[in-house]
Structures are given as structure tokens and as C-alpha cells.
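Please read these notes with the model open beside you.

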Amino acid sequence: MPGPVQSIERAAAILRLLARGSGRLGVSEIAGSLGLARGTAHGILRTLHGVGFVEQDEETGKYRLGAALLHLGTSYLDVNELRSRAINWADALAARSGEAVRIGTPLDGKVLVVHHVFRPDDTLQTLDVGALLPAHATALGKVLLAYDAGAAAALHGELEPFTRRTTTVPRELARMLAEVRDMGWAAEVEEMTVGEAGVAAPIRGQGGLVVGAMGITGAVERICGPGGRPKPTLVTGVRDAARAVSRDLGASRW
Amino acid sequence: MVERYVMAVDQGTTSTRCILFDHGGRLVSVTQREHKQHFPRPGWVEHDAMEIWRNLERIAPEAVAQAGATPDQVAALGIANQRETTVLWDRHTGRPIGHAIVWQDTRTDRLVDELAAHPLADLVRERCGLPLATYFSAPRIRWMLDNRPGLRERAERGDVLFGTMESWLIWNLTGGPEGGLHVTDVTNASRTLLMNLTTLDWDDELLAFFGVPRAMLPRIRPSTETYGPARRVLPGVRIAAALGDQQAALFGQTCFAPGEAKCTYGTGAFLLLNTGNEPVRSAHGLLTTVGYQIGSEPAVYALEGSIAITGALVQWFRDGLGIIGSAPEIETLARTVDDNGGCYIVPAFSGLFTPYWRSEARGIIVGLTSYITKGHLARAVLEATGWQTREVVDAMNADSGLALKALKVDGGMTADNLLMQFISDVLNVPVIRPMAAETVSLGAAYAAGLAVGYWPDLEGLRRNWHRAAQWLPAMDPARREVEYDNWRRAVERTFDWIKPES
Ligand SMILES: Nc1ncnc2c1ncn2[C@@H]1O[C@H](COP(=O)(O)OP(=O)(O)OP(=O)(O)O)[C@@H](O)[C@H]1O
Ligand SMILES: [Mg+2]
């Protein structure tokens, strides 16, 4: 087993230091207190700043604990902010795919729709932002479950069936979720509504944390190819859009 | 075949954006950089034009790279810009003369009062369709010339140039001190108080009235026309359009027929109604302005309702008060309560624009009691945008004699569902967002793409327009009336705050 990671130990020491006393320290003071080279302390502080764990005073340049630390337990990205950051890419995805786009975040074992773009055919459609969707029967929900072990474990007993094709056995769902993690996207074919299908991919924030899912839904004959699987061009479109949002949110590797 | 794109540059009040669009008008890549807002004194707002240019130098190549493209795949570049913001610079060094003075800046209020007392003051509205107000460029040029020794002489010799942001950027892109083109487009020129709305040229009497030397002014060109190739940043790319950001949004919403209108919600909000080839005069405080001019075709005019502060109030809540960490959190906070608790915020930070045109008004928060929480304040922040829209729509309806049937919206604030629902509620009409939140950029791209034949005609562009979201009115009419009445009483309390110099 590898030993402790030194930079993480040092980061923890910096946070402990800032949590004491006046709570406002300059780089040199921090480096001095911990016996670190100034450059090393600075590098760690920049990284902590990037994730919101420390903040820097504009005038004095001193560091203090960041607001994000106080809200570690609550949602890390405000859902309204997620919508603002994703709106351009959601529009482009709807325009390219010709299908309705939704963005979902987890809420009490369900999917909260935080953004909805109409299918671009100018027919009458109703905005369903704020609606709750079942996680096990939607592509958005499968993505959210796949990357949140806690939420997936909370699903036990018989899952609610919506159509003949809804996955109702938790074990079977777990297998599907493993597949989602392997592929990096999820599909749903007539599992929620007969005649409809969907594709979704994860939206990641800093460090790769999944903060939401973005996907399209539409008539099964438009979403799926002859083999009954989602068309590869649509899958690519969804994944590219979700990746573009992730990049804007600071998930550099995805 | 190699894919080709059109690039839009949206030089806004708070940031500069570069966006590549494909043939379907769909966004392919986007890069953005904020610039610093300087508030050196109450009522003063400045930008560093050099910082803005450097931002563009950086983000334009990034946008091309993000799309996995090369500059030769960029068929044309169109610019949309914050309007009325005034830059003066030295033709020989390319250095700006001090900071740019931003459209929200009210330092010229005394000067405007003095000018308004002049016997020829009526000439202004007659010739250029705008009220004499601090909002527009001419008094700022005059202020700069008056406040810097020797500047007037240099301007008269043509050594110092004036421009709004598009002029500054085009001049730099086309070579700067080495032969940069000094041009502006009709829509931007129509916001200076110096352009004759009928001839679409600088008006000698207006120049004399404001004391602005002609030698410092750019040439006025149509909104879509190949001005020339870029020689810096993206060498060889044709610069083929420029429009004020609000006019660009009108274009991006494909409001090409008389009677079509849109409202863009950014730092401020601006409702523009296409009035065709006739400039229509308003009796209710709307501006008459140029909507766009395609090549050598006759200009298309617009009536405009201008609201100075909408998103900027949210920004102030974030930066000035620190109550929220990001603009969208205003919605989260507002949803923690059911109503405004009796509290109203009138953000007359730069005076009030349409329909009041009161530069001496200043912002207020009224109805404060111990009951009020930050949630109520957040509601009042969003509602201020709703009620200001209502006042502008009322003015538009009164002028046109027709009632608006639906409102097409765009801009960053349209991501706010609570706000969009509130606007629909107070207007009592559907609010519709098209499938291009970045409509300003799309309009600039459309205009540039048309100029170079990337898109054949306006009809083709119309087919790209699709509804992305719609909000329907759901407010009880009695409540709407009570709330509107409260709002108007709040507005009255902002009047006459700044006292005339005795
Ligand atoms: N979810 C939201 N709710 C309310 N206001 C918002 C939200 N998101 C952004 N804003 C506000 O919208 C504005 C940003 O919108 P946008 O990007 O269209 O403006 P902008 O282009 O920067 O404005 P300008 O062109 O005038 O510079 C900011 O003032 C911000 O406070
Ligand atoms: Mg803008």
C-alpha cells in the first residue's frame, strides 16, 4: 500500500492553520509556519483556491477559509447555476439532435429536472423544470445512480414498473449501472413510456465529481437504430454536449 | 469537405465572448473573459479598452482551437458590442486616452443639463431620434475633450480618434497604428446623438452643438459589409459585420418584419421593435434607432425601450452586498420565500431610462420591515426586472396602438425560470425563449455570414429559429394590479434625489 500523499497532508495543515486565530494569512506567513518553501505553499494554496476551500482577499492578498468548506455537506453546485452554465450547450444539443433536452440532478432518490429545452419542431410543449422523474426508469436517472454508490444502494425491494420493459429487480439494475460506468453513458428504451427512448451522459465538476446528467428523449424510432439500440450519432452528440459543460465547470480530464 | 464556421465577437459590458457557429446557426465553441469594472466615484463607470482588446486577442484563437478548427475555416467575423461606451485613442501609438466611459456612467449630468438649456437643444431629438441624456456618447466625448488639456487640438488634427467598442476592435484587428480601419456601423452611430437618422451620416449642426470635431469620427458603414480582412489575431479572416448588441439580438431573433420584437436581458434589458424602413417617433419615451442595414439596402429602423439595470442589480447583490456567491443563486434564494413580503427595489443606479428619462433619480429599497429577509430582497431584485419590462411594454403598446401578444426573450437572465415566469405574469402574455440563449452573438454571426454569402438570405435564417422554452401567465389579475401600483409608487420615490447644482 502506498504511503500518505504528502501534498494532501500539507493541504490539510494549511486548512487547520487558517481555521485558527485571525484566519487571515499571507503566503509567506503560511510557508513560515509550516516550514514549507514559499513556492510549495503557493502551489497548494492556488489548488485549494481553485476548489473553493480557501479564498483570497482582493486587497491584501491574504488567504482565509473558503465558503465551500462550510457547505461541504450540501450540494456543491447550485442547480440554478448548473442551468446557467449548461444552457448554451443544451440548446446546441437540442438543435443538433432534433430532440428535447433535459438536465437532471439527484433529489431524494429521484431525478429533479433542472433544465428543459423543447424539441425544436415548434409544437406545443410544456416546460417541466421542477418535475421529479424515477431514477431507475430514465437515462438521466441511471447516469446519476451509476456514479453515486450511496443512492444506488438505497434502492432495494421491488422497483416501480412503468412499462413491461422497466427494470424492477435491483440486482439487474446494478448490472446495468456497471455497464453505464463502463460506457460513460446510459440509455433507456420504453422503460418509462411506451414509444419513447432516451440517452444521457454525466456532467462532471472539478475533480470529476458527477454533478448532474444531461440527455435527450424522443420517439423510439427516432432515437434508436434498427437494432433497437440508440443511434451512435445521437450518443456522440449527447456525450460531447455533457463534456463541453463539464469542461466549463472545470472538469479538466473529461 | 472541410467544415466552415462564422465567428461572433460579443463585446459586452461585463465580458467579451467569442463564439463559432455552424451552418445551422448552432454553437460549436465558446470562449469568454470578463474585464474589470472601474467605479472611481459614485455614478462613474469605466472600462480599460486595452484590457478588452487583450481579452479578444486571447479568446478569439482559443475559440477556433476549441472547435478543432484553423483560422482559414472561419468564413467571416461579426462583432456585436456594448453600445454608447466611449473610447478615445491616439492614432499613432494605439494607446487609449484614459479609460473608456461606459454607457451607465452619469458624470455628464451637469453638462447635459447645460446643453438642454441651449436654444438649439430641440435639434437633438429631431435629428437623431434620441433624448438628450447621459446615456449616449456625444456628451462623453465633449467631457473628455473639456477635461484633458490639449486633447481638443489633437482631436481636431485627427491624431485622437473616437469610437464605440466595435470601432476600437475593428481598428485594432485591421492593423491598429499600421493602417487600421476607422469605421463604425449605422446602429452604433445612431446611439451617439451625432448621426442624422435620415441621411445616416454625421450631422454638422449636431457636431457643432456638442462641440465634437469631425476629424476624430469614424466612417459610418452598413451593419453587414465586408469592412476588410483582419491583419492581427486571425489574419485573413474577413470582418463582415458590426452591430450594437441589442440590434444584433433583434437580428439573431430573426425579427426581420415590421411589428416583430424581442427583449434581451443582460446587464440592462432592451426591448426592440422592428418598424421597417420608417423611423417612427415615440410619444412615450421610447428611442428611435437604427435596427440594422444590410449592405446598400435601405436601413431598417426600430423603436427601443431601454432599461439600464436588470442583471446589474443581481450583480450588485453578489459583488456589492455579497449576499449570493453567483448570479443564478438569486433564484435559489428567491425561492426560499413565497413573495416579496412588501419590499420593492427600484434600481435607478444610472437614473431611470424608458419611459421616465430621469437622470436625477437614484435607487431605493422601500417597504422594509423587520419581517424582510434576504429571500424577500432576492425576490424584489428579480421583480424589479419584471416591472421595468412591464413599463416598457406599456409604452410600446401605447405608441404602436397594438397590444404585444407574446414576448421573445434572450440573454443571460433567461436562464432564470422564476424571473421568466414573473415576466409572463406581469405582462399577462406568453414569454418565449428561442433555442439560442446567445442571441446577440448569433445575430452578429448571421449578419457577417450574410455579407460573405455563407448564408444566402433572411428566409433561410428564419428557419433556424425554434422555440426552446415558453412560460405562460398565471397571476391573479387583481394581485397584478395591486403589485403594479406598489411598484409605481416606489418608482415615484426615486425622483429628484440628485439636486441641481445651485
Ligand atoms: N440565473 C440568473 N438569474 C438572474 N440573473 C442572472 C442569472 N444569470 C445571469 N444573470 C445576470 O445576467 C447578466 C449576464 O447576462 P449576459 O451574459 O447576457 O449579460 P452580458 O452580455 O454580460 O451583458 P452585457 O452584454 O450588457 O455585458 C449578469 O448581469 C447576471 O447578473
Ligand atoms: Mg451581452
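1. Which of the 20 residues around ligand 1 come nearest? They are Thr13(B), Thr14(B), Arg17(B), Gly412(B) and Asp416(B); a residue counts as near if one of its heavy atoms lies within 4 Å. Residues of chains A and B surround ligand 1, so the site is shared between chains.

2. This is a predicted model, in which local features need pLDDT of at least 70 and side-chain atom pairs pLDDT 80 or more, while totals for chains, interfaces and linings use all residues. Residues are numbered from 1 along each chain as its sequence is written, chains are lettered from A and ligands numbered from 1 in the order in which they are written, and side-chain values use heavy atoms, without hydrogens and water.

3. Oxygen atoms of ligand 1 lie 2.4 Å from a polar side-chain atom of Thr14(B), 2.6 Å from a side-chain N or O atom of Arg17(B) and 2.8 Å from a polar side-chain atom of Thr267(B). Taken alone, ligand 1 exposes 630 Å², of which the protein buries 88% (Shrake-Rupley method, 1.4 Å probe).

4. Over all chains there are 21 aromatic pairs (ring centres of Phe, Tyr or the six-membered ring of Trp within 6.5 Å; planes under 30 degrees apart are stacked, over 60 edge-to-face, the rest tilted). The rings of Tyr135(B) and Phe353(B) have centres 4.3 Å apart and planes at 35 degrees, so this pair is tilted. The two residues are 218 residues apart in the chain.

5. The charged end of Arg107(B) sits over the ring of Trp44(B), 3.7 Å from its centre (CZ of Arg or NZ of Lys within 6 Å of the centre and within 35 degrees of the ring normal).

Key:
Helix = DSSP H or I, 4+ residues; strand = E, 2+ residues; numbered from the N terminus. Polar contact = N/O pair within 3.5 Å; in protein donor to acceptor, adjacent residues only side chain to side chain.
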